[in-house]
Amino acid sequence: MSFFWFPLNELPFVLLTMLVAFTVHEFAHAWTAYKFGDTTAYEQGRVTLNPMAHLDLFGILFLLVAGFGWAKPVPVRRSRFKRPRIMSIAVTAAGPISNLLLAFIGLFIYLLLVKVGALDQFATRETVWTFFSYFVPINVMLFLFNLIPLPPLDGYRIVEEFAPLRLRLKMMQFEQWGMFLFLLFVFLPPLKAVTLTPLFSLGRPIINGMTDAILNLLNISSPFLQV
């Protein structure tokens, strides 16, 4: 019996995917904040694509055993922005958008490799397919996951920016319970069925839409998503 959420022989693909996904996600936050005038993340060495600056060991371990995890949050001081609300929303949204972009790029690379015949060898095709079969859906799931309006996720920070000050102050009082609520959604089937399951079910239409767009772009008549 394995203690891991994923098949043991496929863990390298999962780890590589999360290494890229978490790193780019946090870099996107840090880089956007830096460009808008907040040097906090830059001063802490977070405006970098070095995974060691962003990964949280416990978050990675939790991913392997529970199926979801996290990276180190990027510190942001909205008071340093010229337009705090708009720029804060942009900085927050940069993370999830980066994951959606990674999914698109991954799918594009896979279909391009198929089109040029680079995957004609069965072993090669199977290996590449296994990697992208994790890389694309996981990045789409991270895009959706981070839009959940629970602290400390990006979706909550975006909702918070739209809330009036009085409501925002009340929301701050309950931020400490955000993770507990999320765990309830994960581990209680009735709650999961009306929260996470409908949200994550959007992943397949998103991937299908990207696939159709790339197939048209590459002038491929039919999808090549199976080995």
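This is a predicted model: local features need pLDDT of at least 70, side-chain atom pairs count only at pLDDT 80 or more; totals for chains, interfaces and linings use all residues.

In helix 6, the buried residues are Asp154, Gly155, Tyr156, Ile158, Glu160 and Glu161.

Helix 4 covers residues 84–115, helix 6 covers residues 154–162, and the two pack at an angle of about 165° with 9 Å between their axes. Angles over 145 degrees count as roughly antiparallel, so helix 4 is roughly antiparallel to helix 6. Their crossing is left-handed. On the side of helix 4, the contact involves Pro84, Arg85, Ser88, Ile89, Thr92, Ala93 and Pro96; on the side of helix 6, these meet Asp154, Arg157, Ile158, Glu161 and Phe162. Sorted by class, this contact contains 6 nonpolar, 2 polar and 4 charged residues. Asp154, Ile158 and Glu161, which take part in the contact, are also among the buried residues of helix 6.

Helix 4 has a further partner in helix 11, residues 203–218; here the packing angle is about 45° and the axes lie 10 Å apart. The crossing of helix 4 with helix 11 is right-handed. Helix 4 contributes Leu100, Ala103, Phe104, Leu107, Phe108, Leu111, Leu112 and Lys115, while helix 11 contributes Ile206, Ile207, Met210, Thr211, Ile214, Leu215, Leu217 and Leu218. The residues of this contact comprise 14 nonpolar, 1 polar and 1 charged.

I turn now to helix 1 and helix 3. Their packing angle is about 140°, and their axes are 12 Å apart. Helix 1 is accordingly oblique to helix 3, and it passes helix 3 in a right-handed crossing. Leu11, Val14, Leu15, Met18 and Phe22 of helix 1 meet Ile60, Leu63 and Leu64 of helix 3. What is the class composition of the contact of helix 1 with helix 3? There are 8 nonpolar residues, with no polar and no charged ones.

Next, the aromatic side chains. The structure contains 8 aromatic pairs. One of them joins phenylalanine 36 to phenylalanine 81 in an edge-to-face arrangement, with 6.3 Å from centre to centre and 85° between the planes. This pair links distant parts of the chain, 45 residues apart: phenylalanine 36 lies in the loop between helix 1 (11–35) and helix 2 (40–43), and phenylalanine 81 in the loop between helix 3 (57–66) and helix 4.

A second example is the pair of phenylalanine 131 and phenylalanine 132. Their ring centres are 5.0 Å apart and their planes stand at 65°, so this pair is edge-to-face. Phenylalanine 131 and phenylalanine 132 are both buried. They also belong to one aromatic cluster, formed by Tyr110, Trp129, Phe131, Phe132 and Phe135.

That concludes the presentation; thank you for your attention.

Note on methods:
Residues are numbered from 1 along each chain as its sequence is written. Side-chain values use heavy atoms; hydrogens and water are left out. Axes are lines fitted to C-alpha atoms, for helices over the stretch in contact, and angles run from 0 to 180 degrees between N-to-C directions. Helices (H or I, at least four residues) and strands (E, at least two) are DSSP runs, numbered from the N terminus. Angles under 35 degrees count as roughly parallel, over 145 as roughly antiparallel, 65 to 115 as roughly perpendicular and the rest as oblique. A crossing is left-handed if the near helix is turned anticlockwise from the far one by less than a right angle, and right-handed if clockwise. Contact means heavy atoms within 4.5 Å. Ala, Val, Leu, Ile, Met, Phe, Trp, Tyr, Cys and Pro count as nonpolar, Asp, Glu, Lys and Arg as charged, and the others, Gly among them, as polar. Rings of Phe, Tyr and Trp (its six-membered ring) pair if their centres lie within 6.5 Å; planes under 30 degrees apart count as stacked, over 60 as edge-to-face and the rest as tilted. Buried means under 20% relative accessible area, exposed over 50%, partly exposed in between (1.4 Å probe, protein chains only).
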